[in-house]
Amino acid sequence: LGEVKPSALGDPFRLVLDFYRAKEPAPGSSPKVQAEPLRLMVLDAGHGGHDPGAIGPSGLQEKEVVLDVTKRLARLVEEGLGVKVALTRAGDAFVPLRERTSFANAQRADLFVSIHANAHRASASEGVETYFLSSEATDNEARQVAALENGVIQLESEQAKANMDILKSILWDLAQSEFQQESSRLAETVQDTMVGSLQIPTRGVKQAGFYVLGGAAMPAILVEIGFLTNRREERKLKDPGYRERIAKAIYAGLAEYKRRYDQKNALSQTAEASR
């Protein structure tokens, strides 16, 4: 079987399916496992431009915090893992939700990581949580977080909203079902290293219907790095040193995921060679 990679493109808005034919083995030879290394990661800083995201009691904006953390993480990944990083936004720009995973698909990225900061009407809410995509939310809180992050669609054009409604279920079924298990593994690994490194309460790994993850043709997760609506966490998120710690914690999770990924590929190659 070959490979199918979906992507959503604009002007005009359309769904594009790229079909790749499986390579035929040479006559007399056995099929070989194609163990490709992780080569490109897309990091997505949530919100931006006229969409500030969550806002803390002192006015700290989510878009500012997550962009700084994302840039720090990009540096660590490129220097420490030798993996190329592409950013969905490198400055204070508004990027529609559908264009974020479309960008990752167009780049043929191996991983997609979206970084956000949380908000809750209960100001005492605290901790970090990591999500992967599912049409069914883990619980009511997960559903509320997804609704909050998906609210940015209201800042997009009416046509974009309509297109999102039409395409989201198709894209999820075509793309993310194939990668849900790996997305879950990636989420668990990143969540574990964040909690261990930051010594912060864990809210666990959850699943929900985040538009920003819909249509990603690769393992994809969304990381909530803390609650801006919690005064104590907002103070920490203002601190450049703490932001660096967050970036290093996420990096540690990505490094561990890559180590396991490479190990799995090496075992596959060894098993294939011994046949």
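1. Helices (H or I, at least four residues) and strands (E, at least two) are taken here as DSSP runs, numbered from the N terminus. R259 lies in helix 6, which spans residues 240–273. This is a predicted model, in which local features need pLDDT of at least 70 and side-chain atom pairs count only at pLDDT 80 or more, while totals for chains, interfaces and linings use all residues. Residues are numbered from 1 along each chain as its sequence is written, and side-chain values use heavy atoms, with hydrogens and water left out.

2. Overall composition. The protein chain has 6 helices and 8 strands, and from the N terminus on its elements follow the order β-β-β-α-β-α-β-β-α-α-β-β-α-α. Of the 275 residues in the protein chain, 49% are buried, where buried means under 20% relative accessible area, exposed over 50%, and partly exposed in between (1.4 Å probe, protein chains only). Taking a contact as heavy atoms within 4.5 Å, 80% of the contacts between residues at least 6 apart in sequence join residues at least 24 apart.

3. A nonpolar core is a set of buried Ala, Val, Leu, Ile, Met, Phe, Trp, Tyr and Cys residues joined through side-chain atoms within 4.5 Å; the largest has 42 residues, and M194, I225, I250 and L254 have the most contacts inside it. Among the elements that give two or more residues to this core are strand 3 (40–45), strand 5 (111–118), helix 4 (158–198) and helix 6, while helix 1 gives the most, with 8 residues. Leaving aside residues up to four places away in sequence, L254 touches M41, L73, V77, L81, V113, L186 and V190.

4. The surroundings of R259. With 43% relative accessibility, R259 counts as partly exposed, and its side chain is joined to that of E256 by a polar contact of 2.7 Å (a pair of N or O atoms within 3.5 Å; within protein, one must be able to donate a hydrogen and the other to accept it, and residues adjacent in sequence count only if both atoms are side-chain atoms). R259 and L81 are 178 residues apart in sequence, yet their C-alpha atoms are 9.7 Å apart in space.

5. Helix 2. This helix (residues 97–106) is mostly covered, with 7 of its 10 residues buried, namely L97, R98, R100, T101, S102, A104 and N105. Just after helix 2, R108 takes a positive phi of about 55 degrees.
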